[in-house]
Amino acid sequence: MSGIEANFDGLVGMTHHYAGLSMGNEASMNHRGQVSNPRKAALQGLMKMKALSDMGLVQGVLPPQQRPNLPALRQLGFTGSDEQVLNKAAQYSPLLLSNLSSASSMWTANAATVSPSADSADQRVHFTVANLNNKLHRSLESITTSRALKATFPDQNYFTHHDPLPQHADWGDEGAANHNRFCGEYGEAGVQLFVYGRKALQEGIAPERYPARQTLEASQAVARLHQLESSRTVFAQQNPVAIDSGVFHNDVIAVSNRNVLFYHQQAFLNQRSVLSELGEKMAQLGHTLTAIEVPTEQVKIQDVVESYLFNSQLLSQPDGSMMLILPEECRQNHNVSAYLQELIAQGNSPISKLHFFDLRESMRNGGGPACLRLRVVLNEQELAAVNPATLMTPELYQRLTVWVERHYRDSLYAADLVDPQLLSEVYSALDELTQILKLGSIYEFQR
């Protein structure tokens, strides 16, 4: 059955601020304490969504989380009115309040791992919500993420939703940011590549400077839950040198689409072996793997981290050729820009077009175009079963733009998170958003 790849982007939340919460994410750490612009951030994300929709691609929208997270603060023993809870938390630890106010759910590449029905034994689309247990602010997302995904993909005849893996470091799971799928046509059976940073239950090499967030054991568990055949799965370790250089997820150093892998020379440990296994398993399905390796001598890892070259979206155009959706920073980095121009000039590359987007608000917090999207491969029947109110149209874009401009602030410091008026603004906006996207009561304050 024919299929398409849909991209579901996360709307940037109203508490988007620069707190430097993500150890190992250098952009996040380097912009700590600066003023953010939540309105601009949300509008930048919406503009990318609309642009891809206008290109004929299927584009969906996922909602932000309820932040500040009052239920979590109350669970930690802060009592009284909402205003008193915020004040007590801020007096106890501004860093705690910042963690529980993070808008990091905007990066839906970490929302879940998704396997299409063409790959799963029961012929259903499988979602496993990521536990994100390496970072406090992200570990609190899974409950609402699960509700949002179930409201977006509600039909149990087509969609199977799995709970997050156990909240323990041995089962650290960061979702689709460490997952790629290779195929011919989207609706055909494919090979899934799971990338991990360390082994939890056996000895192995691990990074030393920054944490490895994904474990092999977590990736293997997701593959079991999704009923994937071993002959069509590959488990590869990310290069520890890359992680220690600020490449905290695989999607910061590699990106794929259909039979193409676009990756850096230092992306994987035992890289030749990984490529060989991928190529062999693709060949068993009658397809040839096309590997585009970016050499270190042209683009250093530092350039990769600064530009987010591989945190681009590699997408198929209607004529079958591919394009890269890139952050503006790639055009501003001399080495990356020179490489990209050379790549396009070759004429024999499957990548024929470059599109640059200003996503600076997200980039400064450590997330580029690929971080903002969750890829979901669907056949025609499955697409028809998706909540239609979440799919981008000109009308939805206009409605969400008006919604953002009405509710979002144009500047925010971490110190503003204690403002009870901000909390009131968030609740009002999210209540309206659930009606726009027809999500039902997915937030705690609505129950």
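Glu 141 is buried, with a relative accessible area of 3%; buried means under 20%, exposed over 50%, partly exposed in between (1.4 Å probe, protein chains only). This is a predicted model: local features need pLDDT of at least 70 and side-chain atom pairs 80 or more, while totals for chains, interfaces and linings use all residues. Residues are numbered from 1 along each chain as its sequence is written, and side-chain values use heavy atoms, leaving out hydrogens and water.

Student: Which side chain makes a polar contact with the side chain of Glu 141?

Tutor: Start with the location. Glu 141 lies in the loop between helix H6 (136-139) and helix H7 (142-152); helices (H or I, at least four residues) and strands (E, at least two) are DSSP runs, numbered from the N terminus. Leaving aside residues up to four places away in sequence, Glu 141 touches Gln 65, Arg 67, Ser 104, Ser 105 and Leu 132, a contact being heavy atoms within 4.5 Å. The polar contact (N or O atoms within 3.5 Å; within protein, one able to donate a hydrogen and the other to accept it, with residues adjacent in sequence counting only if both atoms are side-chain atoms) is at 2.5 Å, with Ser 104.

Student: How many residues apart in sequence are the parts tied together by Asp 9 and Lys 48?

Tutor: Their side chains meet in a salt bridge at 2.7 Å, N to O; the term needs a side-chain nitrogen of Lys or Arg within 4 Å of a carboxyl oxygen of Asp or Glu. Asp 9 sits in strand S1 (residues 3-10) and Lys 48 in helix H2 (residues 38-54), so the pair ties together parts whose separation in sequence is 39 residues.

Student: Which helices do the buried residues of H4 pack against?

Tutor: In helix H4 (residues 82-92), the buried residues are Val 85, Leu 86 and Ala 89. They cover an arc of only 95 degrees around the axis, which puts them on the same side of H4; the arc is that of the directions from the helix axis to the C-beta atoms. Their packing partners are H3 (70-75), H5 (94-99) and H17 (420-436).

Student: Which element gives the most to the lining of the largest pocket?

Tutor: This pocket holds about 350 Å³ of space; on a 1 Å grid over the protein atoms alone, a pocket is an open set of points where a 1.4 Å probe fits, with protein on both sides within 12 Å along at least five of seven lines, and lining residues have an atom within 4 Å of a point. Of its 19 lining residues, the closest to the centre are Asn 69, Ala 72, Gln 75, Leu 140 and Ile 143. The elements giving two or more residues are H3, H6 and H7. With four residues, the top contributor is H7.

Conventions. Grid points are joined across faces, edges and corners, and a volume is the space filled by probe spheres set on the points.
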